[in-house]
Amino acid sequence: YGNAVRPIMETVTFATTLSRFQSSPLWGWYFDVPIVIATEFTQGTDRRVICTINGHLTIHCGLMPNKGIWFVLLNKENVKKINLPEHHQINVSMTKDTSDYGMPMPDELNEVLAQDYQAYEYFHALTPGKQRNLIYVINKIKSSEIKIRKSLVIADHLIANTGKLDFKMLYEALRDYNKF
């Protein structure tokens, strides 16, 4: 394609293997993505994709490069949902994630930010990864009422720290909220 921006594949399906990093204390479960597929879904630093595993688990994730291979990390919760042993074949359907944040924005956090301009500005000044981290914190909660309250804790934290995100302080504030 020369200097032109290459088109991104719509959706692609492939078989791969559920694996585990044996020598890494940081990374756990993952699956490989064939390089020909991974390169079609990456442009510059944008590596966000949506993967559906075995037709029932859908995750928003990033393609990760490592020593000539590409892979997607899976957390323990998602591995538990897949309920398959290591080295088991999985079928993956992958599409480009074109959402604003690389994962769904919870309505409750969106509304809290919409009502507080300063919190909105601070949130949007964060790196995309930090934004996703905060979104993830809210998305994993089931109760809408608790989502609202924890969204308020996040907004208060951003304002109190003039946009700086101190995860230790934030998690202490979220934990303190749980005491009430």
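Arg132 sits in helix 5, which covers residues 128-139. Helices here are DSSP runs of H or I with at least four residues, and strands are E runs of at least two, numbered from the N terminus. The model is predicted, so local features need pLDDT of at least 70 and side-chain atom pairs pLDDT 80 or more, whereas totals for chains, interfaces and linings use all residues. Residues are numbered from 1 along each chain as its sequence is written, and side-chain values use heavy atoms, without hydrogens and water.

Arg132 is buried but forms no salt bridge. Buried denotes under 20% relative accessible area (1.4 Å probe, protein chains only). A salt bridge requires a side-chain nitrogen of Lys or Arg within 4 Å of a carboxyl oxygen of Asp or Glu. The nearest side chain of opposite charge, Asp46, lies 7.4 Å away; Lys and Arg count as positive, Asp and Glu as negative, and His and the chain ends are not counted. Leaving aside residues up to four places away in sequence, Arg132 touches Arg48, Tyr101, Gly102 and Met103 (heavy atoms within 4.5 Å).

Helix 6 spans residues 144-160. Its buried residues include Lys147, Lys150, Val153 and Ile154. Thr162 follows helix 6 and has a positive phi, near 40°.

Overall, the protein contains seven helices and seven strands. The sequence order is β-β-α-β-β-β-β-α-β-α-α-α-α-α. The C-alpha trace spans about 45 × 45 × 30 Å along its principal axes. Of the 180 residues, 39% are buried.

How values were computed
Buried < 20%, exposed > 50% of the residue type's maximum accessible area, 1.4 Å probe, protein only. Expected span 1.5 Å × (residues − 1).
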